[in-house]
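This briefing is organised by topic and is meant to be read beside the sequence and the structure.

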Amino acid sequence: MSFVLYDKAKKMGAKAYKRAVADGRYPFLPVLDDIIDKDSIAKEMNLGLVDIPLSRVVGTSSAGRTQAFASNFMPLMQNGSEFASKWSMLCDAHVDEGIRDAIKVYEYLNFYYVVEGNKRVSVLKFFGADSIPAFVTRKIPKLTDDELVKAYYEYMEFNRKTGVNYIRFTHEGEYKRLMDQVRIAPKHGGEYEEHETVSELINANDTAEGVSSAIRTDLTKIWSDDTLLELKAAYKRFEKAFRIKGGVDLHDVSTGDAFLAFIEVKGFDEVCDMSLGEIQNGIAAMWEEFLVINEKYEVEVSLTPPEEKKNVLSSILSPNYSAAKPLKIAFIYDGDPSESDWRYSHELGRNYIKEVYGEKLVALKITGASTEEEIIKAIDDLVENHGVEVIFTLNAQAVNASLKCAIKYPEVKILNCSLNTSHRYIRTYDARLYEAKFLSGMVAGSLTKTDKVGYIADYPIYGVIANINAFAIGARLVNPNCKVYLQWTSTRKDQNTDVYNSLKEEGVDIIADQDMITPSRASRKFGLYRITSNGPENLTMSVYNWGKLYERIINLVMQGAYSSADADSESKPINYWWGLSAGVVDIILSEKVPADTRRLVKLIKKLIMKDQFSPFWGEIYSQDGKLRTEEGVDMDADDIIKMNWLVDNVVGEIPGIDELDESARELVEMKGV
């Protein structure tokens, strides 16, 4: 019977051999000695006896036996040969008792190359086994700028903390993203702790005199056994479904890359509960995402509105919107617009476009949809029962729900108000408020009598740090001695501390607070104001003109140019990030600001709008003394968005996740710097 199985395995090997030759690939097992040279290896590390995934065993250590196997580890030697006889005997042993003897391998870049035990690997791969015990020696490459090497260094740390060795990513940062996804999953994941342990390792190089051993200190057990089992089971189901779909043939996309993208859309808990069939359906719905998974790391930032010119074919095919057939759009708020300056500013934008388009547009709104389930339910209703074609979700917490619905309803245009979301199914948008904050900082720096200005911020997320830094740079531009004292409203400390009294005790005489008034509260503490004995004296106010942004986007939709007007590649995610020049932000100056200061601010504003001046141009140092931008250099938009540091005239710090109150953590985990 085993000889029959050998013949079947040999045919599988011959098929793989012919396919490789036809594709111009090496048809035999890869040889590690041919892949690396000694100078590229930093050191070797003995990992001892480890259960390794057979899917990651891809080659042999030396060229001695490589041509006995095709690239899929199936045999190529003739029936009746000594090799065939030994393979068949191993086959019988596996059927009768199971192969238990450990092989010896080198691990390099998360792949395994066999030193001893090629036939055992071949037999087990033929039977579709999941793993094999192996004595592993890790060959660690020297750290370079190569993307795969950097990702491998992250893998080594991930492997040390989790023991997981069956997931391979190709991009730096993905192992951390996976750990974050597992950590925030309330049902199957959760927080983890690192415990230092000492372990004795069996050396793979056994000798006749005995077995040598080594002592190593590890950080282990950061996830529970249940979490590890759930992760492995979910990954194996995904791996099978992805292989059935043809994912293994995708260029430069590992199963791990696709698995992470799938989890980031569905959530770790949901994926753990999905059947193989449900995963297959989910993969089919996200297939386009996997095809461009490498491109999606490059977010197209649109700094100015695209030209509004019609695509002739698209305009012919697009509906002619009218009172009889209006474009239906919707806004989803997480609460009552009157109770938040942020939501209220968007509500003004919604009312603006209702006036601009009249009967050609229906602009619905949903209030109070704050959880993912509520947002998904609201979108389902808007699409299925009201025929809505464009949906705006107005806070960063809604991004996951927006993404899931965008995949479910590919014909609906869904946009989320946030920055730096790398998914092509939705677009994100925000205002370049830092330009107005810079101008406001100039006013603060020129009018302070104590050289101490306060700044009250809410969440340490993308874009907010740029606003703080631009404000501080503007203040220093007109007053080199000015310091900006930063307070956060979302930290645990500030729940027990009056931020206003804290700033007053520091000697602050001018404060930058929330951007505009909240309709339901009659407080004058908004914008930039001076502290007086009679209460706040308002000086400037940064203004969001969201209606201008919504008008531009709706024009693209009505012209049939939404899909083609922005990105160089349609596969790239698009972030609209428009500022003063687009009319999306502005600054209002009080008459209490001296005329000369108003004149200076208006002059710099014009230069910014003409792209002749940038707040982040020239020599800029952070609090730690590091030079962030050199003289004569303008900081890239991507670097501005992702700022995670404060300029050196800011007094304060960016809070860590553990310092935030519970209500802020979810948002910061998702969009925090």
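A search of the whole structure, which is a predicted model, finds 33 aromatic pairs. In one of them, the ring centres of Tyr155 and Tyr175 are 5.7 Å apart and the planes meet at 50°. That angle falls between the limits of 30 degrees for stacked and 60 for edge-to-face, so the pair is tilted.

**Aromatic rings and charges over rings**

- Tyr155 counts as buried because its relative accessibility is 0%.
- Tyr175 is buried as well, at a relative accessible area of 2%.
- A cluster linked by ring pairs is made up of Tyr166, Tyr235, Phe238, Phe242, Phe259, Phe262 and Trp287.
- The face of Tyr562 has Arg427 over it, 3.9 Å from the ring centre.
- The face of Tyr500 has Lys525 over it, 3.8 Å from the ring centre.

**Asn159 in helix H5**

- Helix H5 also contains Asn159.
- Asn159 has a relative accessibility of 16%, which is under the 20% limit, so Asn159 counts as buried.
- Leaving aside residues up to four places away in sequence, Asn159 touches Arg138, Val164 and Asn165.

**The parallel sheet**

- Seven strands make up an open sheet with parallel pairing, in the order E8-E19-E13-E12-E11-E9-E10.
- The edges are strand E8 (300–302) and strand E10 (361–366); each has a single partner strand, so one side of each has no neighbour in the sheet.
- From one strand to the next, the twist averages 20°.
- Strand E9 (residues 327–332) runs parallel to E10, and six bridges join the two.
- Phe331 stands opposite Lys365, which is in E10.
- Helix H20 (residues 546–558) packs on this sheet, and its direction makes about 150° with that of E13.
- The strands that H20 touches are E9, E10, E11 (390–393), E12 (413–417), E13 (427–431) and E19 (574–578).

**The mixed sheet**

- Another open sheet of seven strands has mixed pairing and the order E20-E18-E17-E16-E14-E15-E23.
- Strand E20 (585–589) and strand E23 (650–651) are at its edges; each has a single partner strand, so one side of each is left without a neighbour in the sheet.
- Three bridges hold the parallel pair of strand E14 (residues 452–457) and strand E16 (residues 510–512).
- Gly454 has Ile511 in E16 as its bridge partner.
- Helix H16 (residues 434–447) packs on this sheet, with its direction at about 25° to that of E20.
- H16 touches E14, E16, E17 (528–532), E18 (535–544) and E20.

- From its first C-alpha to its last, H16 reaches 20 Å over 14 residues, close to the 20 Å expected at 1.5 Å a residue.
- H16 is mostly covered, with 13 of its 14 residues buried.
- Helix H15 (residues 399–408) is largely enclosed by the rest of the structure, because eight of its 10 residues are buried.
- The buried residues of H15 are Val399, Ala401, Ser402, Leu403, Lys404, Cys405, Ala406 and Ile407.

Terms used:
Residues numbered from 1 in each chain as written. Predicted model: local features only at pLDDT ≥ 70, side-chain atom pairs only at ≥ 80, totals over all residues. Heavy atoms only, no water. Pairing = 2+ DSSP bridges. Helix = DSSP H or I, 4+ residues; strand = E, 2+ residues; numbered from the N terminus. Axes fitted to C-alpha atoms, helices over the stretch in contact; angles between N-to-C directions. Contact = heavy atoms within 4.5 Å. Phe/Tyr/Trp six-rings, centres within 6.5 Å; stacked < 30°, edge-to-face > 60°. Buried < 20%, exposed > 50% of the residue type's maximum accessible area, 1.4 Å probe, protein only. Lys NZ or Arg CZ within 6 Å of the ring centre and 35° of its normal. Expected span 1.5 Å × (residues − 1).
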